[in-house]
Amino acid sequence: MTTPDNTSDAPAEHTGVAAQDWAQASAEPQYRAAVVDLLGALAYGELAAFERLAEDAKLARPWRTRRSWRRWRRRSSTTTRSCATG
């Protein structure tokens with residue numbers, strides 16, 4: 001891999017809005033609106049994920065049913081083992 005001959009060691013100067021501090025950048029209405037839109041999109045994604053999780057939780061079996069199913073499974077597996085070794 002070769003490097004071009006016209007490279008300079010001086011760092012590039014950043015002049016965009018991102019290079020400014022928050023006090024200067026927030027004064028620009030277009031930048032402020034973009035930040036608000038971005039935060040709104042992130043918040044909407046969080047709420048949508050929570051709603052999906054809550055809907056999935058409604059479909060889950062109740063805790064007592066799961067506990068009794070585990071108990072039944074434990075009993076049936078020990079009965080099977082005792083019959084097989086018997």
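## An exposed lysine and its partner

Lys58 counts as exposed because its relative accessibility is 62%, where exposed means over 50% relative accessible area, buried under 20% and partly exposed in between (1.4 Å probe, protein chains only). This is a predicted model, in which local features need pLDDT of at least 70 and side-chain atom pairs count only at pLDDT 80 or more, while totals for chains, interfaces and linings use all residues. Residues are numbered from 1 along each chain as its sequence is written, and side-chain values use heavy atoms, with hydrogens and water left out.

Side chains of opposite charge can pair when their charged atoms come close. Lys58 forms a salt bridge with Glu55, with 3.2 Å between the closest N and O atoms, a salt bridge being a side-chain nitrogen of Lys or Arg within 4 Å of a carboxyl oxygen of Asp or Glu. A search of the whole structure finds 1 salt bridge. Glu55 counts as partly exposed because its relative accessibility is 41%, and both residues lie in helix H2, 3 residues apart, about one turn of the helix.

## Helices and confidence

The chain has 3 helices and 0 strands, where helices (H or I, at least four residues) and strands (E, at least two) are DSSP runs numbered from the N terminus. Helix H2 has 31 residues and reaches 45 Å from its first C-alpha to its last, close to the 45 Å expected at 1.5 Å a residue, the expected span being 1.5 Å times one less than the number of residues. H2 is hardly covered, with a count of 0 buried residues, and in the chain of 86 residues buried ones make up 2%.

The predictor's confidence in each residue, pLDDT, runs from 0 to 100, and the chain averages 78. Confidence is highest in H2, at a mean of 94, and lowest in helix H3 (residues 63-85), at 65.

## Surface patch and aromatic pair

Leu38, Leu39 and Leu42 form a nonpolar patch on the surface, with about 310 Å² of accessible area together. Patches are made of residues with over 30% relative accessible area and no salt bridge, like charges being joined within 9 Å and nonpolar side chains (Val, Leu, Ile, Met, Phe, Trp, Tyr) within 5 Å; accessible areas come from the Shrake-Rupley method with a 1.4 Å probe, and for residues only the protein chains shown count as cover. Leu42, found in H2, counts as exposed because its relative accessibility is 52%.

The count of aromatic pairs comes to 1. Trp22 and Tyr31 form this tilted pair, 6.3 Å centre to centre with 55 degrees between the planes; rings of Phe, Tyr and Trp (its six-membered ring) pair if their centres lie within 6.5 Å, and planes under 30 degrees apart count as stacked, over 60 as edge-to-face and the rest as tilted.
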